[in-house]
Amino acid sequence: MSVRFQYNKTSLHQLNKQLIIRLKALPTLKNKESALRIEVKKSKSRFTELEKDFEKLLSREHENMRMWNEFDPELVKKDTVKLSYKMIAGIKTPELDELTFHVKDFFAFGSPKWFLDGIHVLKNLITLVIEKEIVKEKMEMLEYARKKTTQKVNLYEKVQIPDHEAAILKIKRFLEDEENLAKASQKIVKNRHHQAEEALV
């Protein structure tokens, strides 16, 4: 038992207070754990979806690989990535808010017709890579918070609450025994006084 206590009413009162706090916090913690579990699942599903989209786009463009040899990858650069933050079960998680690109000037008439499509494809690929990274970070944050919450639920449910209850029971029994002993000794003293008074009569 990890709970420290003394066999007195003050200790009993403090343990009762601590037990009430834990019993009240437990349902909230369980709800948080459940919400985080759902959000982790959603994030994993979204991450898998983004990976599939990325692979699909890559394999589609693989057929045009010879054309891509003519394409200048320096044409498209990521410019700004703006994030917004959403609170999920008390955890501040990132979301992609805005992504802008810088497209280098090029001579459209002197370049192959498909270059404009190529720019569009490259923007999509970059967007998917960035979105994947953000979703991965969000997933890891939520998973870490879920593990911590699960640990706390287990600590309260399996260790602290039973320990507090056992300690309270021990103190109550001790105090009851003391009270019974005090009553018994009072009775003995009272009987002796009574006998002494009768002897004098």
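Lys82 counts as partly exposed, at 44% relative accessibility. On that scale, buried means under 20% relative accessible area, exposed means over 50%, and partly exposed lies in between, with a 1.4 Å probe and protein chains only. This is a predicted model, where local features need pLDDT of at least 70 and side-chain atom pairs count only at pLDDT 80 or more, while totals for chains, interfaces and linings use all residues. Residues are numbered from 1 along each chain as its sequence is written, and side-chain values use heavy atoms, with hydrogens and water left out.

Now to the partner of Lys82. The side chain of Lys82 meets that of Glu98 in a salt bridge, at 3.7 Å from N to O. Lys82 is in strand E1, residues 76–88, and Glu98 is in strand E2, residues 91–103, so the pair links distant parts of the chain, 16 residues apart. Helices (H or I, at least four residues) and strands (E, at least two) are DSSP runs, numbered from the N terminus. Glu98 is partly exposed too, at 36% relative accessibility.

What counts as a salt bridge here? The rule asks for a side-chain nitrogen of Lys or Arg within 4 Å of a carboxyl oxygen of Asp or Glu. In general, side chains of opposite charge can pair when their charged atoms come close. By this rule the count is nine salt bridges.

Another of these bridges joins Glu95 and Lys138, at 2.7 Å from N to O. Glu95 lies in strand E2 and Lys138 in helix H3, residues 115–200, and this pair also links distant parts of the chain, 43 residues apart. Is Lys138 buried or exposed? Lys138 is buried, with a relative accessible area of 13%, whereas Glu95 is partly exposed at 26%.

Glu179 is partly exposed, at 45% relative accessibility. There is also a network of salt bridges, which links Arg46, Glu49 and Glu131.

Next, the rings. How many aromatic pairs does a search of the whole structure find? The search finds two. Rings of Phe, Tyr and Trp (its six-membered ring) pair if their centres lie within 6.5 Å; planes under 30 degrees apart count as stacked, over 60 as edge-to-face and the rest as tilted. Phe5 and Tyr7 make an edge-to-face pair, with 5.3 Å centre to centre and 75° between the planes. Phe5 is partly exposed at 22% relative accessible area, and Tyr7 is partly exposed at 41%.

Tyr7 also pairs with Phe174, and this pair is tilted: 4.7 Å centre to centre, 45° between the planes. Tyr7 sits in the segment before helix H1 (9–62) and Phe174 in helix H3, 167 residues apart. Phe174 is partly exposed, at 31% relative accessibility. Phe5, Tyr7 and Phe174 form one aromatic cluster.

Last, charges over rings. The condition is that NZ of Lys or CZ of Arg is within 6 Å of the ring centre and within 35 degrees of the ring normal. The charged end of Arg22 sits over the ring of Tyr156, 5.6 Å from its centre. Lys92 has its charged end over the ring of Tyr85, 5.2 Å from the centre.
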